[in-house]
Amino acid sequence: MIKIENLEKVYKTEEIETTALNGINLHVKEGEFVSIMGPSGCGKSTLLNVMGLLDKPESGSYKFVDTELLTLNDRERSNFRKRNMGFVFQNFNLIDELTVFENIELPLIYNKVPATERKKLVNEIIGRMNIVNRSGHFPQQLSGGQQQRVAVARALVTKPKLVLADEPTGNLDSTHGNEVMELLCELNETGTTIVMVTHSSHDASFSNRIINLKDGHVISEKINKGRTEELI
Amino acid sequence: MFKLNIKIALRNLWKNKTSSFINVIGLAIGLAACLMLLVYVSYEWNFDKHGKNSANLYTVMTNIPGDDGKIFKTFEGSTTALGPLLKAEIPEIKHLARMNYLKKGLIAVGENSFKKLGKFAEPEILKLFDYEFIEGNAATAMQNPKSIIITKSTADALFGSTNVLNRVVRYQDMEDLTVSAVIKDLPDNTSATLKFDYLMPWAFYEMVDADAKSLNWGNFSYVTMFLLDSQADIVKVSEKVDKVVKTHLNQATQPYSIYQFNKLHLYGKFENGVSVGGDIEQIYLFVGLAFGILMIACINFMNMATAKSEKRAKEVGIKKTIGANRISLITQFLTESMVLTLAAVVLAIAMLEIFLPTFNQLLGIKMDIFYFSASSWAGILGIVLATGLIAGSYPAFYLSSFSPIQTLRKKIQGKGYFSISLRQVLVVGQFCFAILLIISTLVIYRQLQYVKNRPLGVNINALIEIPQEGALKDRYELYKEKLLRSGAITSINNTSTKLSHHNSNFLDIRWDGMTQERNLTIFNQVRAGYDFTKTNGIKLISGRDFSKQFASDTSAILISASAAKVMNLKNPIGETITIHEEKYNVVGLFDDYVWDTPYKSNSPMVVMFADKYTSFITMRLNTANSIQQNIEAVSKITKELNPAYPVEISFVDDVYAELLQKEKTLGILSNLFGGLAIFVSCLGLFGLVAYSAEQRTKEFGVRKVLGASVANLMQLLSVSFIKMIVVAIVIATPLSYYAMGKWLAKFEYHTEISWWIIPVAGFATLTMALITVSFQAYKSAKANPVDALKYE
């Protein structure tokens, strides 16, 4: 589903140039769960941002199914993003002034889903995430694990083809972390493609394929046997 | 979408109560001040513009030539002979009415008598203005010469009702007039020459005043107003007026011009016969002030919003990631500021409603808010939209431009060099304006004091003035004797004009040793009885006052120092002067005194002796008694001798104070709104510091743990703000120095801008800013560091 070729991204400051991505090639099939690992500064978050159309690389190609995405303008990128992608962040990034329900509803509003339909979809996902009794609360009133579940719910409510997760368990303890990972696995099993950046090999073990980055290069790729077999 | 954005906005406001409060209150004060000034501006702007004909209404002006061939003075006034000729010979004139200026006169119903402003006019005046008739109608109201049209409040005062058609009113205790109509009171912003309490037909005027009946070219005490056809070419009409005057007057020494009447109030300053502005300058000033204050409040709003951008950036980032585009974000922020502005407007209107009566009282006028006029609502809506747009535009465009990862990953990096500097520029601009206002206020105040303290040349303390009317005209000698005998006064004098306002100018004067063929300097004349200089406290330089001991004083004359200078007479006593072919003997030389305006030096002046035909009496009270005793005694004797008239005593010091009314208004307005501008600026500064302190709570906590003192922290928080104020002072002082220098230059008598005004204004601003800043800085510097570090 995703074909990335020769992707290059350079951060320039007044003093130095840092190459974050140095000729990355990456293919992701539909329904795959891919983890990206590597030391700090290896470019993994940059890669995820480029995949999420939040950042623009200097050169290379990024095809989603058969559409080249890097030539889109801002508006088209924004439209593409809201129709096809969902995001989960390490620090949740919920809007403090909105309730759980309203936070989850927001992407549907941007996708111009009618109100009754929205209500149905949000309630459905709230049920699935097991946060029904929290729907009227504000983010600060929830625990980290609950907040992340809301964030996942928000990423999923539009039924995106691709979910991008940036260290989704980074701010959570192991119990809550595992809950979130299980949630992502369930999601993957229903056919959603997931690309996740993580530091934790435990989290990575939930995925089908692990990609190791260093200094902007892919240095190794490993098929996760256990998971793949399960999948087969 | 919209609902959710409103929710976010409201919850955001609620969470930052202090800053929201400051935002809304600041904006409300700014808007209230702006609206208040605009109400005043519209009051002034709509002066004399009430009737549907007002744009085609013209009045005849007279130009007095000066000695240099230019026009020395232009005033609204004309002669009785002019009107009928214009009417007969210029077809573009649809209706024309001659009238007098307003004159206070006695009207009475039985014992119930009042001095009220009366006017005589030809019947066509009813076609020039749209008077609203409560009783009677325009067609019949002026048919009968002995009829009178009264306003509603006059009717209420005289009869206690408006249903008074055909009732009888006694005029000046000599004629009975029949009420032919009752009209609504004239709007407060009607010119003084037209704002009558009662109106009488010209035909009646001709019966009581011979001057009105004769068609003469020498007496300029009348007003001629006419309605032009709306298609008429004003230039052509002017030419025709010139032609009419020239064909009927061999010596057209006083060329007439015509002028659109509703412009006279604001564009009433003439130079060489041409309008060169007038009060309109003040109107521009107030419009500037109004929007300046609003701008300050808007700047507060923008500053707070951008200061909060760090916090809001996260929201923007999230929304962008999940699919918001820039337009929707801009819409959101603009909606937010519109909602706030709307709240502020509601508050502002409430404030306006509360303070308008006080404001009216302060300025001595009567303004209303017109809630039911569509245009004022459209105006308010316009202001809301504009304010919301201006206040919200910067945050809207700035915040929505953030790239999502920039905002989500790290905090906004340094918030961008641009935003910091723009916020600084805004604060500096705000305080520049505030300092400009402080300096202007100080200079206006000092100019007022300067003029107030200028030696008047008249001793106005314990000096009173009453009109000489009714029986007092004939019984002056008796009156004088009684008053002096009562001990209430020490001296008394009768004159043709008020001491503070002289209205008789002339050119026809000759003196011995005169070099020119004829005099070209405007002279002013007053007729006065005995004790003119003694009673009024005017300094006699040489010679003597008029005195009973000299029978020859019927042809005596006193001249002013400036008159002696014009005539180049070193020792004028004993010289002979010829005025209008009559010879006068100079017996005294007196020092110039202030009349008409304290801002200018006056024309040379002569005082002829007059035993009769005077209209005002001044008296010097006996300071041995209390003022109250004196006034009671004077009132009693006056009433006794002149029972038909109410006693009307005015203190001359009050009368002189009125000469400064315009500048007093300016002083009040600049004090009030200057103060408000400074207050709103400080409010904004307070909000900004409070927010900045809140943002740096953690930093302060860490610093405190590491050993920083309260003073260190206060300094940290204050210095950057104080720097901006200093920059503002540096920019604003030369600007205001220049502007106020120009303002002062308009006055012949004016103060200088003292050097100390600038440090005082700078210091005052700095102190206020320092107090504002350090209050908040101290609060956050004193806070317990643990509280600050616990969170996160």
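In residues 376-399 of chain B, which are 100% helix and 0% strand, the end C-alpha atoms lie 34 Å apart. Residues 333-356 of chain B are likewise 100% helix and 0% strand, with 33 Å between the end C-alpha atoms. Helices (H or I, at least four residues) and strands (E, at least two) are DSSP runs, numbered from the N terminus.

This is a predicted model, in which local features need pLDDT of at least 70 and side-chain atom pairs count only at pLDDT 80 or more, while totals for chains, interfaces and linings use all residues. Residues are numbered from 1 along each chain as its sequence is written, and chains are lettered from A and ligands numbered from 1 in the order in which they are written.

**Chain B as a whole**

Chain B contains 24 helices and 26 strands, and its C-alpha atoms fill a box of roughly 105 × 60 × 55 Å along the principal axes. Of its 792 residues, 39% are buried (20 or more other C-beta atoms within 10 Å of the residue's own; exposed means 12 or fewer, partly exposed in between, with C-beta atoms placed from the backbone).

**A helix pair in chain B**

The axes of helix H9 (residues 280-307) and helix H20 (residues 661-695) of chain B come within 9 Å and cross at roughly 10 degrees. H9(B) and H20(B) are therefore roughly parallel to each other (an angle under 35 degrees). Axes are lines fitted to C-alpha atoms, for helices over the stretch in contact, and angles run from 0 to 180 degrees between N-to-C directions.

**The sheet of chain A**

Four strands of chain A form an open sheet in the order E2-E1-E4-E5, with antiparallel pairing. Strands E2 (17-28) and E5 (67-68) of chain A are at the edges with a single partner strand each, so one side of each has no neighbour in the sheet. Strands E1 (residues 2-12) and E4 (residues 59-64) of chain A pair in the antiparallel sense over five bridges; pairing requires at least two DSSP bridges. A:Ile4 stands opposite A:Tyr62 in E4(A).

**A:Leu121**

A:Leu121 belongs to helix H4 (residues 115-128) of chain A and is partly exposed, with 18 other C-beta atoms within 10 Å. Beyond its neighbours within four places in sequence, A:Leu121 is in contact with A:Leu108 and A:Val157 (C-beta atoms, placed from the backbone, within 7 Å).

Terms used
Parallel < 35°, antiparallel > 145°, perpendicular 65-115°, else oblique. Contact = placed C-beta atoms within 7 Å.
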